[in-house]
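Biologist: I have a new model on my screen and I would like to learn how to read it. Could you walk me through it?

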Amino acid sequence: MQEPELHDLSDDADYAASLQQGSASMMITRSDSGRSTSSSVPEGSEIVYSKDNVTIHPSQYASERISGRLKLIKQGSSLFMTWIPLKGQSTNARLSERDRNLYTIRAVSFTDVRSIRRRTPTFGWQYIIIVLSSGIALPQLYFYNGGVKEFLATIKQHIFIVRSLEDANVFLVNDFQNPLQKTLSSLELPVYIASGPSASVSDGGESSSYELQERIGGSIHDEIHRPSQNPGRQKHKSHDPARDLTIHVLEKFSLVTKFARDTSSQLFRESNSNGYGAIERKSSSQTPPDVPHKPSTDAEIVPEPVPSDPLEFNKMTLVWGKPRQPPLGSEEWATFLDSEGRVMDAKAFKTRIFYGGVEHTIRREVWPFLLGYHAYDSTYAEREYLKSTKKSAYETVRQQWQSISTEQAKRFTKFRERKGLIDKDVVRTDRALPFYDGDDNPNVNILRDILLTYSFYNFDLGYCQGMSDLLSPILFVMEDESESFWCFVALMERLGPNFNRDQNGMHSQLFALSKLVELLDSPLHNYFKQNDCLNYFFCFRWVLIQFKREFEYKKTMRLWEVLWTHYLSEHLHLYVCVAILKRYRNKIIGEHMDFDTLLKFTNELSGHIDLDAILRDAEALCMCAGENGAARIPPGTPPSLPIESENALLYAQDDEVL
């Protein structure tokens with residue numbers, strides 16, 4: 001069997017079937033001359049596929065989904081794709097003209113496309129992710145009424161598309177087996193050059209020159225909607241097609257040279273020695289494995305007992321990861337408030353905290369805003385009134401369990417078991433901290449009372465080990481039982497799914513983490529795949545209690561307030577995980593760690609991670625991944641607020657298990 005046949009889509013039953021399904025989803029309209037009659041299609045072009053109700057999800061909220069029309073347009077030998085939001089759709093009623101222009105996809109040539117990923121979730125709609133040659137991913141396109149198979153089958157009819165050997169759901173565009181063809185294709189030469197080995201311009205005869213000119217047919221000049229690097233060049237069309245081709249090739253090589261020079265001075269440098277690279281780019285096309293990678297003299301050195309791999313980050317953090325700032329102090333905090341106590345610029349406020357954190361003296365005022373307990377536009381008077389009413393509400397819930405008599409408790413199994421778990425956990429939570437140290441410490445009793453009260457407030461979720469770790473810093477900061485309770489409630493609105501009986505919230509985050517590692521560090525992802533570590537359970541503790549046991553207490557509080565800003569992403573904690581793993585990738589791979597060794601290694605990192613360096617790295621990774629990274633995180637993944645339709649079932653537990 002020839003290897004190219006293994007890549008080809010002709011052996012795919014889905015696509016074979018789709019070719020027999022007629023043209024119901026491919027609304028091709030032609031005139032007698034064979035050209036499209038649509039006024040929106042350029043002269044000489046043809047719509048070969050059109051599908052309505054193809055939708056973009058800018059966020060997890062159904063009200064913000066944008067429905068549009070997806071088209072494939074053929075012009076000459078080129079294929080283009082467009083997606084335009086539909087006017088008059090109920091889902092698009094609130095769509096501004098600015099957002100319409102922002103999300104519109106205008107005439108993307110498939111010569112600029114690297115791959116198409118098809119995803120079929122267990123629940124929900126099929127969608128595709130189109131990755132451009134630059135590594136940028138277009139927004140996910142959800143097919144509400146089907147049509148993915150027809151879409152891919154239509155593309156296959158007009159351009160070269162093959163299934164990836166590494167992932168059956170990834171389809172590579174113009175990925176030729178012949179190295180020469182692949183190289184020429186990447187330079188975007190005229191189609192006949194890349195597809196035929198016999199083409200030559202070296203003879204220089206008049207007849208061959210004339211034939212070449214006819215075959216080009218002005219295709220370079222007529223490419224639709226593609227900005228020219230030098231508009232003036234098109235005004236003087238040469239009569240020497242060989243010269244035109246030479247200029248075209250030289251232009252492409254100059255672009256490649258410029259790209260290589262720029263990227264070598266930035267982050268996107270791929271080599272088999274360190275494995276880091278641009279999104280989904282294969283390392284085999286970069287530095288040969290026998291070329292040693294010299295470490296940079298200005299690489300960051302993290303003072304840790306375990307050797308790390310900071311080399312690959314030093315240039316990235318210089319480009320994106322900004323230096324940390326001093327924490328927000330009381331005087332500066334006052335400048336964010338108006339005379340009545342409203343936060344005037346919430347975005348600037350959160351940005352400031354993201355880069356510097358908060359001085360401990362004002363955390364009690366600031367944390368309720370970050371947790372969502374206080375609204376940014378609330379006044380001093382409104383917050384005092386809220387404090388009073390919430391205190392009464394808290395005491396009402398607390399009274400429910402305090403009023404249970406000994407006789408009632410004997411017949412209340414869940415209460416006894418939950419109380420027993422809480423009593424065991426609180427006496428071993430942060431007892432080395434003076435705030436919780438000593439026998440009969442009142443703060444330990446308050447910690448217990450808040451957790452018991454929460455188990456009655458959210459009876460479905462109850463209490464799970466780890467909740468005391470999340471509450472402890474809040475009580476330490478707030479120093480008020482009622483206020484601590486309601487701040488904890490606000491935090492659990494986002495992190496509650498971490499403690500679901502089915503562990504759905506944790507699985508969704510670990511799944512998203514695996515996808516981010518695959519995106520941002522494919523060699524490490526492949527190593528985990530080969531060693532059956534793709535469940536990422538060695539990061540379970542990091543995610544469950546938000547790195548509470550990985551850093552000393554003060555640093556944990558600073559990390560949390562940075563995460564709570566949601567400045568770059570609601571899921572920055574996942575990028576923190578990626579940053580830590582990337583720093584130790586060479587050690588993990590070099591020492592051939594299996595799952596058990598990896599679990600032990602990650603646990604032993606506790607207290608040895610440089611928080612400032614990791615935050616800079618996480619920021620850089622988040623900005624590097626961009627929309628492509630956000631697309632890897634399923635909607636509703638904690639700490640996102642739960643999707644409304646699922647609220648009722650969010651905390652459902654097994655009746656027989658707490």
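Modeller: Let us go from the whole chain to the sheet, and then to some helices.

Biologist: Good. How many helices and strands does the protein chain have?

Modeller: Keep in mind from the start that this is a predicted model. The protein chain has 26 helices and 9 strands. It has 658 residues, and 48% of them count as buried. Among contacts with a separation of 6 or more, 67% are between residues 24 or more positions apart.

Biologist: Now the sheet. In what order do the strands lie?

Modeller: The general idea comes before the case. Strands of a sheet pair through backbone hydrogen bonds, and the pairing is either parallel or antiparallel. Here the 9 strands make an open sheet with antiparallel pairing, in the order β4-β3-β2-β1-β7-β6-β5-β9-β8. The edges are β4 (105-109) and β8 (161-163); each has a single partner strand, so one side of each is left without a neighbour in the sheet. From one strand to the next, the twist averages 30°.

Biologist: Is strand β1 largely enclosed or left open by the rest of the structure?

Modeller: Count its buried residues. In β1 (residues 45-56), 10 of the 12 residues are buried, so the strand is largely enclosed by the rest of the structure. It pairs with β2 over 9 bridges in the antiparallel sense, and 2 bridges join β1 to β7 (residues 141-143), again antiparallel.

Biologist: You mentioned Ser 67. Is that residue buried or exposed?

Modeller: The cut-off for buried is under 20% relative accessible area. Ser 67, in strand β2, has 3% relative accessibility and therefore counts as buried. Its side chain also has a polar contact of 3.2 Å with the side chain of Asn 53.

Biologist: Let us step across to the next strand. How many bridges join β2 to β3?

Modeller: Strand β2 (residues 66-75) and strand β3 (residues 78-85) run antiparallel and are joined by 8 bridges. The hairpin of β2 and β3 has 2 residues between the strands, and in it Gly 76 takes a positive phi near 65°.

Biologist: How should I think about the side chains along a strand?

Modeller: In a regular strand the side chains alternate between the two faces of the sheet.

Biologist: On to helices. How do α17 and α22 pack, and at what angle?

Modeller: To read a helix pair, look at the angle, the axis distance and the residues that meet. Helix α17 (residues 467-478) and α22 pack at an angle of about 95°, with their axes 11 Å apart. Angles of 65 to 115 degrees count as roughly perpendicular, and α17 and α22 are therefore roughly perpendicular to each other. From α17, Asp 469, Leu 470, Ser 472, Pro 473, Phe 476 and Val 477 meet Tyr 553, Met 557 and Trp 560 of α22. The residues of this contact divide into 7 nonpolar, 1 polar and 1 charged.

Biologist: Which helices does α11 pack against?

Modeller: The buried residues of α11 pack against α10 (330-335), α12 (363-371), α22 (553-564), α23 (572-583) and α26 (611-631). In α11 (residues 346-356), the buried residues include Phe 349, Ile 353, Phe 354 and Tyr 355. Gly 357 follows the helix, with a positive phi near 75°.

Note on methods:
Residues numbered from 1 in each chain as written. Predicted model: local features only at pLDDT ≥ 70, side-chain atom pairs only at ≥ 80, totals over all residues. Heavy atoms only, no water. Buried < 20%, exposed > 50% of the residue type's maximum accessible area, 1.4 Å probe, protein only. Helix = DSSP H or I, 4+ residues; strand = E, 2+ residues; numbered from the N terminus. Contact = heavy atoms within 4.5 Å. Pairing = 2+ DSSP bridges. Axes fitted to C-alpha atoms, helices over the stretch in contact; angles between N-to-C directions. Parallel < 35°, antiparallel > 145°, perpendicular 65-115°, else oblique. Nonpolar A, V, L, I, M, F, W, Y, C, P; charged D, E, K, R; others polar. Polar contact = N/O pair within 3.5 Å; in protein donor to acceptor, adjacent residues only side chain to side chain.
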